[in-house]
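Here are a few exercises to work through with the model open in your viewer. Try each task before you read its solution.

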Amino acid sequence: MVSQGDGSDLVSTPWLATGLAKLNSGVSRLASSGDSDDGGLVPPPRKKRHLDTEETMLQPTNGCLQHNGSVDQPSSSSTVNGSANGDAQEQSDSCNIKGRSSQEIVRLIGQHLKLIGLNQTAEVLMQESGCRLEHPAATQFRHHVMDGEWHKVSADLNELQALVGNSCQYFSDMKFLICEQKYLEYLEDGKVLDALHVLRNELTPLQHNIDKVHILSSYMMCSGRDELMKRANWEGKGHKSRTLLMDMIQQFLPPHIMLPPKRLHMLLTQAVELQRKQCLFHNTTFDDSIETVSLLTDHKCSLEQIPCETVQILTEHCDEVWFCRFSPNGKKLATGSKDASIIIYDVDPETLTVEQSITLDGHSYGVSYLSWSPDGELLMACGPEDCPDLWVWNVNTGVLRLKLSHSSDDSLTACSWHKDGQKFVCGGIRGQFYQCDLEGSVLDSWEGVRVNCLWYRSDGKTVLAADTRQRIRSYNFDELSDQNLIQEDHPIMSFTVNKTDRLALLNVVSQGVHLWDLQDKCLVRKFQGVTQGHFSIHSCFGGVNHDFIASGSEDNKVYLWHIKQELPIATLTGHTRAVTCVSWNPVYHQMLASVSDDCTVRIWGPAAKYRKQKSNKSDINSDSGSPSKHM
């Protein structure tokens with residue numbers, strides 16, 4: 001560490017073996033020169049500066065410079081505003097191209113040409129248009145930074161400050177970044193005294209980001225260049241690190257002085273991202289790069305790119321199928337049926353098909369609800385409303401881990417895992433729900449609550465419960481507190497929560513599917529089309545960003561919506577009886593499963609041209625299911 005004492009305690013760095021003797025000699029001479037504020041070091045001669053320039057820069061001000069690329073507006077004196085606006089107006093008047101937007105487009109093109117190495121072309125463009133890419137003072141500043149001429153950079157910065165006014169705090173940020181770069185370069189070159197001078201006489205007096213200054217001082221003990229680069233997370237002295245420095249500095253200067261870094265590329269990226277967000281059928285991961293898309297046409301996906309066609313029809317169950325759920329890693333699908341069995345399928349992500357793995361039997365009342373543990377190793381199963389039992393299976397071994405049955409008066413029809421996978425909640429409509437561990441021991445219980453559905457929130461403390469009073473309440477076992485979150489006018493048969501833990505999707509008797517904001521406690525949207533009576537129908541969020549909603553319906557169809565639109569974007573047909581549950585694969589987002597009272601499970605995927613074909617195709621008859629599009 002660097003001492004603030006008299007200079008006699010200066011520590012030499014171990015990685016400067018070749019200059020150790022010289023360094024010790026220099027330190028001794030400096031120490032003998034007498035005590036001083038800078039630790040005995042005599043600073044090099046400094047150029048005269050304008051009166052109060054630096055002091056004014058460090059003073060608090062009422063105004064602030066417009067941050068490059070942001071919407072912050074300067075609130076400085078009329079003199080400063082007049083100077084900045086006058087400079088911009090002078091640049092506009094000298095341009096051969098009329099119209100502010102056209103001039104800015106030329107500047108953006110010129111910047112991009114330089115970025116890709118077409119410097120001569122950029123110069124010709126600027127000369128012919130009469131536009132100026134950036135202020136001459138900014139150009140000079142850039143050249144000096146890129147050449148590492150730090151003694152000139154300070155004067156350049158003062159000139160830029162005079163152009164935009166002294167009322168901005170960002171010049172302290174800019175000066176700090178420049179001094180940091182200079183300090184690191186001196187350390188890399190082995191110029192410890194120069195680095196120490198920068199640390200004590202330039203960085204420390206700024207009184208800016210003190211914690212970072214302490215970290216920088218520790219770099220003097222690095223054993224060599226590699227350790228320095230690793231600890232500082234720095235690219236090393238040269239063009240790359242100085243380019244990154246300029247990119248950071250450009251953000252602080254107004255655009256009429258210096259354009260924000262890679263501005264054209266940024267605007268195009270924002271435009272592509274906006275088009276993707278507005279696309280009703282977009283279901284692939286956003287790529288920050290625009291290299292993978294064409295800028296010559298608008299972004300547009302089609303219905304065929306989301307799950308819209310039947311890929312497989314599974315007929316292993318011999319009675320009504322009540323529930324389905326993909327595992328958290330998307331590699332398994334579990335289905336529960338009235339035939340008292342659970343079937344586990346392995347998912348083929350290439351062909352978006354599944355293959356039967358194991359069958360779990362012995363659920364005497366049937367299986368109406370399933371919940372995967374967070375790690376995907378355990379599967380919890382509940383029965384219909386008269387079932388007093390709950391089962392926990394190890395899906396990898398097919399071994400029953402736990403069978404929970406407190407009394408024949410219990411009704412364990414709903415369950416949910418804690419995020420640690422070591423405990424869970426369960427309950428039913430007979431007036432109680434429990435928090436239990438994996439041994440079946442009851443850790444806590446809440447009496448007098450008739451539960452239709454349960455959900456453990458991501459905070460690990462709060463449980464949401466839909467009860468028979470047409471509401472969803474929040475229960476905190478740690479604080480023994482509860483509060484009302486959602487109140488509906490009709491019974492809530494089931495609900496689920498999205499991955500952000502912010503939105504809840506409810507299936508409401510005679511109303512259909514409702515979207516609620518749990519934080520604001522308000523109804524966001526009522527999705528239209530689905531037929532919901534007194535059957536337990538389970539809907540789901542889906543897609544890469546949970547932008548889609550899917551639900552079964554008593555009219556034998558599967559409905560798909562975009563989360564921002566009330567009308568369905570597609571209706572999937574093929575089932576012949578009520579569709580009681582749907583599940584969207586959380587990893588392989590082009591895959592959807594649905595189950596029905598017609599005893600079948602259907603796997604839905606995009607159109608054939610958007611998926612790989614399986615060598616041994618399943619026998620799908622002519623009534624295999626197809627979508628109808630809604631706009």
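**Exercise 1.** Determine in which hand α8 passes α9, and which residues make the contact.

*Solution.* Step 1: α8 crosses α9 in a left-handed sense, where left-handed means that the near helix is turned anticlockwise from the far one by less than a right angle, and right-handed that it is turned clockwise. Helices (H or I, at least four residues) and strands (E, at least two) are DSSP runs, numbered from the N terminus. The model is a predicted one, where local features need pLDDT of at least 70 and side-chain atom pairs pLDDT 80 or more, while totals for chains, interfaces and linings use all residues. Residues are numbered from 1 along each chain as its sequence is written, and side-chain values use heavy atoms, without hydrogens and water.

Step 2: get the geometry. Helix α8 (residues 170–188) and helix α9 (residues 192–203) pack at about 160°, their axes 8 Å apart. Axes are lines fitted to C-alpha atoms, for helices over the stretch in contact, and angles run from 0 to 180 degrees between N-to-C directions. The angle therefore makes α8 roughly antiparallel to α9 (over 145 degrees; under 35 is roughly parallel, 65 to 115 roughly perpendicular, the rest oblique).

Step 3: list the contact (heavy atoms within 4.5 Å). From α8 come Phe176, Cys179, Glu180, Lys182, Tyr183, Tyr186 and Leu187, and from α9 Asp194, Ala195, Val198, Leu199, Glu202 and Leu203.

Step 4: sort these residues. They divide into 9 nonpolar, no polar and 4 charged. Here Ala, Val, Leu, Ile, Met, Phe, Trp, Tyr, Cys and Pro count as nonpolar, Asp, Glu, Lys and Arg as charged, and the others, Gly among them, as polar.

**Exercise 2.** Is Glu180 buried or exposed? Find what Glu180 touches, too.

*Solution.* Step 1: locate Glu180 in helix α8. Step 2: its relative accessible area is 13%, so Glu180 is buried (under 20%; exposed is over 50%, partly exposed in between, with a 1.4 Å probe and protein chains only). Step 3: leaving out residues up to four places away in sequence, Glu180 touches Leu203, Lys212 and Leu216.

Step 4: look across to α9, whose buried residues include Leu203, Val198 and Leu199. The cover over the buried residues of α9 includes α8 and α10 (210–218).

**Exercise 3.** Work out how α8 lies against α12.

*Solution.* Step 1: the axes of α8 and helix α12 (residues 239–250) come within 10 Å and cross at roughly 170°. Step 2: this angle makes α8 roughly antiparallel to α12. Step 3: α8 contributes Met174, Leu177, Ile178, Gln181 and Glu185, and α12 contributes Ser241, Arg242, Leu245, Met248 and Ile249. Step 4: this contact splits into 6 nonpolar, 2 polar and 2 charged residues.

**Exercise 4.** In what order do the 4 strands of the open sheet run, and which are its edge strands?

*Solution.* Step 1: the order is β1-β28-β27-β26, with antiparallel pairing (two strands pair if DSSP finds at least two bridges between them). Step 2: β1 (309–314) and β26 (579–584) are the edges, each pairing on one side only. Step 3: neighbouring strands are turned by 20° on average, direction ignored.

Step 4: count bridges. β26 and β27 share 5, with Ser583 partnered by Ala593 in β27. Strands β27 (residues 592–596) and β28 (residues 601–605) share 4, and Val595 stands opposite Val601 in β28. Step 5: check the cover of β26, where 6 of its 6 residues are buried.
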